[in-house]
Amino acid sequence: MTDVVIIGGGTAGLSAGIYARMAGLSAAIYEAGSTPGGNLCGWERGGFYVDNCIHWLTGTNPAADSYRMWEELGVLGGVEIIQNETLYTCEYRGERLSLSCDLERLRRDMLSLSPEDAKETERFIRAVRLAQGASGVAGKGHDRGVTPSLLLRSAPAAIRCWRMTAGELAARFRHPLIREFLAGLLTERFGALALLVVFATFTGQNGGLPRGGSRAAASRMAERFVSLGGRLYVGKKAVKLERRAEKIFSARFADGTEAEGGSFVVTADPARVFGSMVDLPMPRKLAKMYSDPRLFRFSSVQCAFACEGTDLPFRGDFIFELGSDGAALGARRLVLREFSHEPEFSPEGKSLIETMTFIDEEASLMHISRSADREKYAESKRRIARDTLGAIVSRFPGLDGRLTPLDVWTPATYRRFTGSEAGTYMSFAFTKKYLPVMKKCRVPGTENLYLAGQWLQPPGGLPIAAKSGRRAIEEIIEYDF
Ligand SMILES: Cc1cc2nc3c(=O)[nH]c(=O)nc-3n(C[C@H](O)[C@H](O)[C@H](O)COP(=O)(O)OP(=O)(O)OC[C@H]3O[C@@H](n4cnc5c(N)ncnc54)[C@H](O)[C@@H]3O)c2cc1C
């Protein structure tokens with residue numbers, strides 16, 4: 001009998017598998033999809049490689065706390081880290097502002113753009129500096145530590161961010177571009193503290209990109225698991241966890257096979273586990289998150305385009321206001337992404353452009369219900385590609401005639417490929433007045449059922465998923481062995 005049976009081969013499941021093997025436990029991962037990785041993925045289209053996950057990976061600085069975890073998981077270590085100069089650039093009414101990897105540079109850029117916002121800018125930069133000093137966020141050696149004077153001077157600014165949404169923080173600034181820059185990355189409804197963490201991570205040189213992108217990172221984790229003696233099965237959708245009293249004794253799969261185990265770790269969206277895969281109610285603390293009015297789920301509609309030529313009018317991630325084009329796409333802004341840092345992703349002489357429009361849960365569910373009618377869904381994807389291409393060309397007329405749609409994917413795609421209830425790819429948004437803490441993995445009322453994955457701590461993301469997998473194994477060792 002396998003010591004640890006893991007349902008789901010995304011980042012959390014692979015992490016649980018690797019840490020189980022490192023602890024000397026036998027482990028098997030059962031993944032519903034045809035490849036491991038879950039949301040950490042990418043795919044081929046028309047000679048291009050479409051990368052769908054890592055915009056920044058927290059923990060790429062060798063001096064940072066989570067670097068060691070990524071090394072143990074095979075994601076980093078012997079892999080080149082790409083540290084781009086900027087994380088994103090925001091454009092508004094003809095002006096641009098970028099999040100530079102140098103915090104002092106960002107400070108100077110904000111001050112020169114809007115001297116009248118000097119007081120707010122200094123406060124915000126101080127709060128980022130304080131967040132940099134918080135353990136694990138910025139790479140050690142790239143932050144200045146938390147001195148008593150920094151703490152005294154900056155704590156009020158950081159606490160103020162905890163109390164506000166990104167939209168409320170943005171509204172404190174007079175300059176429209178700075179407002180758009182602060183609200184546009186995560187959208188207005190996110191907590192300003194979440195924004196602070198992203199700024200601190202990137203300017204702390206701890207949010208780089210592992211060479212090869214998302215799919216390569218997932219493959220390295222899968223290889224590491226198998227090389228440690230773990231067993232990885234794909235195309236195995238778990239449909240039932242069989243229970244006797246407080247103990248799960250086997251997992252049943254859609255193909256009729258079963259797997260017995262000593263302990264079970266489930267990494268799927270809990271909304272699709274409790275009351276269906278397992279005949280138990282969702283643990284109270286988790287259920288509270290699903291009904292907490294402060295927390296919300298979100299997703300994106302995304303496209304990939306092939307572009308003739310390599311001379312693009314923007315670099316990295318680029319956010320701009322859609323204006324009248326926004327109505328058709330149901331969004332205010334469009335996020336563009338180019339991959340000149342990864343020449344292998346495109347054929348010679350061409351470029352890859354990906355786009356994202358953030359949408360709320362209601363719009364996500366609409367895409368999911370529309371996908372039940374294949375014709376209607378295919379038509380809606382063609383329309384999305386057309387409208388997105390139109391929006392790009394109306395902003396950059398020089399790209400007219402150079403773009404060809406490669407792919408469109410929506411919350412319905414996420415629901416189909418990862419099983420998340422609302423077609424989301426992260427967990428709940430990190431909102432104001434909320435301090436996310438990782439929930440316990442062991443399911444109360446059971447002896448050997450554990451959860452892992454991004455749903456245990458808003459807003460999800462790769463480090464949280466990976467840490468939850470490690471924690472599930474720590475709890476298994478504590479309780480079951
Ligand atoms: C476009 C995009 C951009 C992102 N950008 C970043 C970023 O820059 N930085 C960052 O840190 N994070 C980012 N993320 C988020 C990150 O990818 C996720 O938070 C993380 O991958 C979640 O991992 P997980 O293992 O918890 O869940 P998942 O990735 O959802 O994995 C769960 C796995 O379980 C499988 N499964 C579900 N149900 C069953 C079942 N019944 N039986 C068997 N298997 C099952 C699924 O197929 C899936 O493979 C991004 C994600 C996307 C899509």
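This is a predicted model: local features need pLDDT of at least 70, side-chain atom pairs count only at pLDDT 80 or more; totals for chains, interfaces and linings use all residues.
Two strands pair if DSSP finds at least two bridges between them.

Reader: In which sense do strand 15 and strand 16 pair?

Author: Strand 15 covers residues 317–321 and strand 16 covers residues 333–338. They are joined over 5 bridges, and at least two are needed for a pair. The sense of this pairing is antiparallel.

Reader: Which residue in strand 16 stands opposite phenylalanine 318?

Author: Let's stay with strand 15 and strand 16, which are paired over 5 bridges. Facing phenylalanine 318 across the pair is leucine 336.

Reader: Which strands are the edge strands of the open sheet?

Author: The sheet has 7 strands with mixed pairing, in the order 8-7-15-16-17-14-18. An edge strand here pairs on one side only. Reading the two ends gives strand 8 (95–100) and strand 18 (403–409).

Reader: What angle does the direction of helix 13 make with that of strand 18?

Author: Helix 13 (residues 374–395) packs on the sheet. Among the strands that helix 13 touches are strand 14, strand 17 and strand 18. With the direction of strand 18, the angle is about 135°.

Reader: Now the ligand, please: how many residues of its shell are charged?

Author: In total, 35 residues surround the ligand, with Gly8, Gly10, Gly38, Tyr425 and Gly453 the closest. Helix 1 (11–22), strand 2 (27–31) and helix 15 (462–480) each supply at least two residues of this shell. By class, the shell has 16 nonpolar and 17 polar residues, and the number of charged ones is 2.

Notes: Residues are numbered from 1 along each chain as its sequence is written. A residue is near a molecule or strand if its C-beta atom, placed from the backbone, lies within 6 Å of it. Helices (H or I, at least four residues) and strands (E, at least two) are DSSP runs, numbered from the N terminus. Ala, Val, Leu, Ile, Met, Phe, Trp, Tyr, Cys and Pro count as nonpolar, Asp, Glu, Lys and Arg as charged, and the others, Gly among them, as polar. Two residues are in contact if their C-beta atoms, placed from the backbone, lie within 7 Å. Axes are lines fitted to C-alpha atoms, for helices over the stretch in contact, and angles run from 0 to 180 degrees between N-to-C directions.
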